[in-house]
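Subject: Structure for you to look through

Hello,

I am passing on the structure that we talked about, and below it I have written down what was found in it. Please keep the view open while you read, so that you can look up each residue as it comes.

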Amino acid sequence: MTKDVLVTVRGLQMTPDGDDTIEVTTTGKYYEKDGKRYLFYDEIGDDTNLIVKNSIQITEEHVSVSKKGLINAQMNFEKENKLVSVYETPYGQMEMGVYTTGICLDERDDFLELKLEYLLEINNQHVSDSEILLQIRPQQN
């Protein structure tokens, strides 16, 4: 796959109060090295227009998401494992626990799709059953 890519990220949170879906499409950079896949892209805050720089490292068993900017976080996904990190926002810090129930990677020459299913905890309280669908394809000129 080329290094200049179009990235679509769809997040779904299922709570007792209802489901919430967010979708973002942007451009990014994609690389492969030593059996790992790397994706870099920026997203802009809805209210602030401030940039959050995202970097994602993907393997078959582990996904690491790093956010820097308006939001700072390091989220790790490892199937059947709960990993805890700190999620920093302009409103303060939260402890975030992620228990990954599924990692599904579909990779072809010109397309990559990653689906993460997980349980999300904030400050040791279950918040939602969540899902992230990440699609990467070559950027068309």
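The side chain of Glu113 makes a polar contact with the side chain of Gln135, at a distance of 2.7 Å. Please bear in mind, here and throughout, that this is a predicted model. Glu113 belongs to strand β9, and because its relative accessible area is 23%, it is classed as partly exposed. If we leave out residues up to four places away in sequence, Glu113 touches Cys104, Leu105 and Asp106, and also Leu133, Leu134 and Gln135.

As for accessibility, Lys115 is partly exposed at 30%, Glu117 is partly exposed at 30%, and Glu131 is partly exposed at 22%. Elsewhere, salt bridges that share partners join Arg37, Glu60 and Glu107 into one network.

Another salt bridge is formed by the side chains of Arg108 and Asp106, with a distance of 2.6 Å from N to O. Arg108 has a relative accessible area of 47%, so it counts as partly exposed, and Asp106, with 28%, is partly exposed too.

Next, please turn to two threonines. Is Thr100 buried or exposed? Thr100 has a relative accessible area of 0% and is therefore buried. Thr100 is found in strand β8 (residues 92–108), and a polar atom of its side chain lies 3.3 Å from the backbone nitrogen of Glu78. Not counting residues up to four places away in sequence, Thr100 touches several residues, among them Phe77, Glu80, Asn81 and Tyr118.

Thr8, for its part, sits in strand β1 (residues 4–15), and it counts as buried because its relative accessibility is 5%, where the limit for buried is under 20%. The side chain of Thr8 makes a polar contact, at 3.3 Å, with the side chain of Thr25. Once its neighbours within four places in sequence are set aside, the residues in contact with Thr8 include Glu23, Val24 and Thr25, as well as Leu133, Leu134, Gln135 and Arg137.

Most residues other than glycine have a negative phi. Glu80, however, has a positive phi of about 60° although it is not a glycine; Glu80 is found in the loop between β6 (72–78) and β7 (82–89), and with a relative accessible area of 48% it is partly exposed. Asn124 is also a residue other than glycine with a positive phi, near 65°. Asn124 is placed in the loop between β9 and β10, and with a relative accessible area of 55% it is exposed.

Finally, there is the largest pocket, which has a volume of about 1,300 Å³. The pocket is lined by 44 residues, and the closest to its centre are Ile22, Glu43, Lys67, Ile71 and Tyr87. Which strand gives the most to this lining? Strand β2 (residues 18–33) does, with six residues. When the residues of the lining are sorted by kind, 27 are nonpolar, eight are polar and nine are charged.

With best wishes

Notes. Residues are numbered from 1 along each chain as its sequence is written. This is a predicted model: local features need pLDDT of at least 70, side-chain atom pairs count only at pLDDT 80 or more; totals for chains, interfaces and linings use all residues. Side-chain values use heavy atoms; hydrogens and water are left out. On a 1 Å grid over the protein atoms alone, a cavity is a set of points where a 1.4 Å probe fits but cannot get out, and a pocket is an open set with protein on both sides within 12 Å along at least five of seven lines; lining residues have an atom within 4 Å of a point. Grid points are joined across faces, edges and corners, and a volume is the space filled by probe spheres set on the points. Helices (H or I, at least four residues) and strands (E, at least two) are DSSP runs, numbered from the N terminus. Ala, Val, Leu, Ile, Met, Phe, Trp, Tyr, Cys and Pro count as nonpolar, Asp, Glu, Lys and Arg as charged, and the others, Gly among them, as polar. Buried means under 20% relative accessible area, exposed over 50%, partly exposed in between (1.4 Å probe, protein chains only). A polar contact is a pair of N or O atoms within 3.5 Å; within protein, one must be able to donate a hydrogen and the other to accept it, and residues adjacent in sequence count only if both atoms are side-chain atoms. Contact means heavy atoms within 4.5 Å. A salt bridge is a side-chain nitrogen of Lys or Arg within 4 Å of a carboxyl oxygen of Asp or Glu.
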